[in-house]
Amino acid sequence: MGNLGSVPIKRIDFAGVVFRSAMLDVEFVQLSDDGRLRDHNEDYLGYFQPSSPAQSRSHGWLFALADGVGGHDQGEVASKTAVDEMIAQFRSAPSGEPLGMLLPRLIQHANQLVYATGRSASPGGTAMASTIVACALRHDRVVVAHVGDSRCYLVRQGQARQITRDHTVSQEQMRMGLMTAKDADSAATRHVLSRALGTEMFVNSDVSELQALAGDILVQCCDGLHNSVTGAEIAAIVSQARELESAGRELIALANERDGSDNISVQIIRARSVERVGMYRGRPYQLR
Amino acid sequence: MTSLHPGDQLDNYRIEQLVARSGMASIYSATDLRNNRKVAIKIPHPEMEADPVLFERFEREAEIGAKLDHPGVMKVFRDPERSRIYMVMEWVDGRLLRHIIHDLRKLPPERAIKIAIAISDALDYIHRNGVVHRDLKPENIMIDDQDHIKLIDFGIAGKEGARRLTFAKLSQVMGTPDYISPEQVKGKRGDGRSDIYALGVMLYEMLSGKTPFQGPNPFAIMNDRLLNNPIPPREVNPEISPELQEVIYRALEREPQNRYASANELAWDLEHLDQVGVTDRAELTDWKHRKTPFARQFIFYAAMALIPIVIFGLLLFIAKH
């Protein structure tokens with residue numbers, strides 16, 4: 001615990017790493033703060049960093065952020081279980097398995113584990129649950145998968161694009177044309193998750209696949225951040241900052257200043273360079 | 001915290017037996033040793049006491065129950081000197097309306113009307129006292145041998161819950177999907193007219209044996225009331241008079257401003273069905289045309305798919321001429 005500049009950050013998980021493989025070059029930071037009102041943190045963040053250029057090509061990078069739901073139901077256990085399971089399974093995944101197939105499979109693994117952990121936690125079981133957002137990078141591809149209302153933004157040339165769509169009741173109803181965006185933002189159901197890890201034996205994750213360009217920044221965050229900081233503000237802060245860590249701290253400070261009633265977590269990932277590949281008969285080859 | 005057994009004494013109460021156990025609390029029958037009165041004691045489960053939202057719900061129920069005094073509302077007795085957290089309520093002999101509907105499937109119209117009028121009277125009282133039930137359903141209504149009713153469970157009658165929840169716990173903050181009003185489905189807090197809507201659903205269910213809106217899951221059931229009309233009650237049960245059907249439609253109006261403004265108005269119409277004017281409602285014919293939220297999306301995507309075909313056709317036309 002301690003004060004860092006003007007930001008009363010109570011807990012920081014920081015891992016600013018520059019890994020320069022021959023191809024994909026990534027730097028990132030992950031920060032988590034209890035917020036101003038809570039005395040515990042139900043968010044959990046983790047990453048998988050390839051240990052060699054060969055592993056970078058065969059597996060790539062994985063970043064996962066989970067936000068546990070519901071204090072009494074051990075939300076912090078659910079989020080940690082989900083992230084740890086995803087990373088462990090990613091590490092042992094077959095080489096070259098397409099990320100678009102791999103990530104939903106890992107999320108389902110994590111879901112089953114959270115579900116089973118919840119059921120075995122007490123005689124009646126608990127309603128342990130968590131959101132999750134995970135992005136994997138390999139060559140020049142980014143695959144984002146999520147369940148719940150934790151988000152991933154792609155910041156490119158100073159503009160933020162929300163890759164994920166929130167799995168909340170009001171957002172689902174808005175997409176179905178049953179309410180306006182304005183109503184959805186103020187509805188009581190904006191806090192009610194329509195999908196979460198651990199509530200059912202099986203879960204459907206949404207998956208998005210993108211081509212990464214050098215300089216792209218991915219920002220993964222929980223609702224503690226995106227409820228009070230807009231995508232445009234996130235884009236402005238991360239694209240103007242020289243150091244990712246200072247951008248992360250600024251985002252957390254802004255969220256705390258405006259609300260701070262929830263835990264705040266963010267992962268910022270910058271692709272310094274990417275390896276452009278083409279595919280021939282299912283095998284990647286390097287493009288020049 | 002130790003569990004209680006028959007014969008145990010809890011402050012001024014002697015525990016008789018465990019009568020019900022829900023996800024939130026256990027309910028015991030007990031005797032107040034000061035006056036030999038039979039009471040019901042609701043004791044929250046320890047895990048509920050640790051959950052701020054559920055515990056607040058429990059406290060709210062006790063607070064609201066203590067301030068209301070009406071024969072149609074279960075009384076809650078205040079007692080400041082308690083060694084642990086629990087709620088003492090009047091003992092009500094009777095059955096839940098849910099069990100009655102389950103056993104009889106359809107209630108005779110006269111009996112359903114009598115119960116609905118009694119519920120309306122209780123609703124009118126609580127609304128005049130600034131309380132909205134917000135989770136009215138057959139599980140929350142006790143009925144005795146003479147069909148006197150008691151409203152129970154005012155757990156979500158109070159403040160809005162802002163904490164994030166999973167869909168499975170939706171009813172903790174919003175109400176139960178079958179009985180929820182359209183404005184609550186849209187995420188609004190709702191007012192007394194939301195309770196009137198729920199009563200309209202229960203009246204429909206008492207008379208027809210099923211709830212008006214159906215769907216494969218609670219989310220679909222909730223949303224169905226925003227798009228579609230229920231099967232006309234008289235189609236399901238011809239014993240229902242056109243006037244009674246009209247009253248049900250007025251209670252089930254999608255827009256709150258078109259609904260009965262007060263429970264008193266609904267009770268008056270039920271008591272004077274011969275004076276209810278029957279209108280030629282669109283709902284009587286529209287109910288067969290089922291709309292889905294995906295129809296609009298389908299049209300949109302179909303239109304998008306047509307764009308390249310139209311462009312290709314135009315190019316072909318230009319090339320030929």
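Modeller: Begin with pairing: two strands pair if DSSP finds at least two bridges between them. Strands themselves are DSSP runs of E with at least two residues, helices are runs of H or I with at least four, and both are numbered from the N terminus. This is a predicted model, where local features need pLDDT of at least 70, side-chain atom pairs count only at pLDDT 80 or more, and totals for chains, interfaces and linings use all residues. Residues are numbered from 1 along each chain as its sequence is written, while chains are lettered from A and ligands numbered from 1 in the order in which they are written.

Colleague: In what order do the five strands of the open sheet in chain A stand?

Modeller: Strands of a sheet pair through backbone hydrogen bonds, either parallel or antiparallel. Here the order is β3-β4-β5-β6-β10 in chain A, and the pairing is antiparallel. The edges are β3 (43-48) and β10 (206-211) of chain A. Each has a single partner strand, so one side of each lacks a neighbour in the sheet. On average, neighbouring strands of this sheet are turned by 10° against each other, direction ignored.

Colleague: How many bridges join β6(A) to β10(A)?

Modeller: Six bridges join them, and β6(A) covers residues 141-147. In this pair, H146(A) stands opposite D206(A) of β10(A).

Colleague: Which helix lies across β3, β4 and β5 of chain A?

Modeller: First, two rules. Residues are in contact if their C-beta atoms, placed from the backbone, lie within 7 Å. Axes are lines fitted to C-alpha atoms, for helices over the stretch in contact, and angles run from 0 to 180 degrees between N-to-C directions. Now the case: helix α2(A), residues 75-91, lies across these strands and runs at about 160° to β4(A). Helix α3(A), residues 99-120, also packs on the sheet. α3(A) touches β5, β6 and β10 of chain A, and its direction makes about 30° with that of β6(A).

Colleague: What does a hairpin look like here?

Modeller: Take β13(A), residues 277-280, and β14(A), residues 283-286. They pair in the antiparallel sense over four bridges. M279(A) stands opposite P284(A) of β14(A). Two residues sit between the strands, and R281(A) takes a positive phi near 50°.

Colleague: Now helix pairs. At roughly what angle do the axes of α7(A) and α8(A) cross?

Modeller: The words come with cut-offs: angles under 35 degrees count as roughly parallel, over 145 as roughly antiparallel, 65 to 115 as roughly perpendicular and the rest as oblique. The axes of α7(A) (231-240) and α8(A) (244-258) come within 8 Å and cross at roughly 150°. The two helices are therefore roughly antiparallel.

Colleague: Is that crossing left-handed or right-handed?

Modeller: A crossing is left-handed if the near helix is turned anticlockwise from the far one by less than a right angle, and right-handed if clockwise. α7(A) passes α8(A) in a right-handed crossing. I234(A), I237(A) and V238(A) of α7(A) meet A247(A), E250(A) and L251(A) of α8(A).

Colleague: How do those residues divide by class?

Modeller: Ala, Val, Leu, Ile, Met, Phe, Trp, Tyr, Cys and Pro count as nonpolar, Asp, Glu, Lys and Arg as charged, and the others, Gly among them, as polar. The contact of α7(A) with α8(A) has five nonpolar, no polar and one charged residues.

Colleague: On to chain B. Within what distance do the axes of α4(B) and α7(B) come?

Modeller: Within 10 Å, for α4(B) (109-128) and α7(B) (192-208), and they cross at roughly 165°. α4(B) and α7(B) are therefore roughly antiparallel. Their crossing is right-handed. The residues of this contact divide into ten nonpolar, three polar and one charged.

Colleague: How does α4(B) cross α11(B)?

Modeller: The axes of α4(B) and α11(B), residues 263-271, come within 8 Å and cross at roughly 155°. That makes α4(B) roughly antiparallel to α11(B). This crossing is left-handed. Its residues divide into eight nonpolar, three polar and three charged.

Colleague: What about the three-stranded sheet of chain B?

Modeller: The sheet is open, in the order β7-β8-β9, with antiparallel pairing. β7(B) and β8(B), residues 141-143, pair over two bridges. In β8(B), M142(B) is the bridge partner of L96(B). α4(B) packs on this sheet and touches β8 and β9 of chain B.

Terms used
Two residues are in contact if their C-beta atoms, placed from the backbone, lie within 7 Å.
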